[in-house]
Amino acid sequence: MRDQDRVADLAAMRVDYGNPLVAAADEPDLDETWVAGGWEPLLRTWIEQARDLGVAEPNAMVLATVSLTGPVPRPVARTVLCKGLAPDGVTFYTNYDSAKGGQLAADPYAAASFVWPALARQVHVRGVTERVPQEATAAYWAARPRESRLGAWASRQSRPVSSRAELDRTLAETTARFADVDDIPVPPFWGGYLLRPDEVEFWQGRHGRLHNRIVVRIDGTDTRVERLQP
């Protein structure tokens, strides 16, 4: 297949959000009243509905940070899991010494996008991040499987590694290190971040690409809701 044919195939990929096979096709139009009680209840409802429809990891979100290590700032995105949701923001956990941890230390502003194509919905959360209190990290850590705790200790996240064999060897050494430890402690280099939004945008797919977009803008205790053109 020629390169231009491959591009043409991609260009032809299209979903009609008016199609009844798409979960959101028959639901009412998203409007400002859906966030009358704040942005968090609607985001929580959409995550739960995605879960109920069998979406794999409905709490997955694409987290974008800013890298300042090069001659010019550049965006960096990756997928993480939302592990906490409250009116003050969304929480995720990671290695503080990872690439994202270093980027957030240099510039705490970030954006996260939840995407559920089967429901024709997206949510974008934008704002400043901060580390969660150690007690919150400890509470979440206590609920993690032992294998995940060992992996957090074994991985120098974002650092180069010579081979998979070296990574497996490090995990084996870590497993042996904690063999007699029932309650593996939280690594000092690991913990949570709260993304405290100043904007939360809800997107609902609609026929003819005339999608619904409602944004909640937050400035301290002041909240403003606007409809955006698609």
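Which residue forms a salt bridge with arginine 213? The partner is glutamate 201, with the closest N and O atoms 2.6 Å apart; a salt bridge here is a side-chain nitrogen of Lys or Arg within 4 Å of a carboxyl oxygen of Asp or Glu. This is a predicted model, where local features need pLDDT of at least 70, side-chain atom pairs count only at pLDDT 80 or more, and totals for chains, interfaces and linings use all residues. Residues are numbered from 1 along each chain as its sequence is written, and side-chain values use heavy atoms, with hydrogens and water left out.

**The arginine 213 pair**
- Arginine 213 lies in strand E8 (residues 212–219) and glutamate 201 in strand E7, so the pair ties together parts 12 residues apart in sequence; strands (E, at least two residues) are DSSP runs, numbered from the N terminus.
- Salt bridges that share partners join Arg126, Glu199, Glu201, Arg213, Arg217, Arg224 and Glu226 into one network.
- Glutamate 201 counts as buried at 4% relative accessibility, while arginine 213 is partly exposed at 22% (buried is under 20% relative accessible area, exposed over 50%, partly exposed in between, with a 1.4 Å probe and protein chains only).

**Other salt bridges**
- The whole structure holds 14 salt bridges.
- One of them joins arginine 196 and glutamate 130 at 2.9 Å, N to O.
- Arginine 196 sits in strand E7 and glutamate 130 in strand E6 (residues 121–131), so this pair ties together parts 66 residues apart in sequence.
- Arginine 196 is partly exposed at 36% relative accessibility, and glutamate 130 is partly exposed at 36%.

How values were computed. Helix = DSSP H or I, 4+ residues; strand = E, 2+ residues; numbered from the N terminus.
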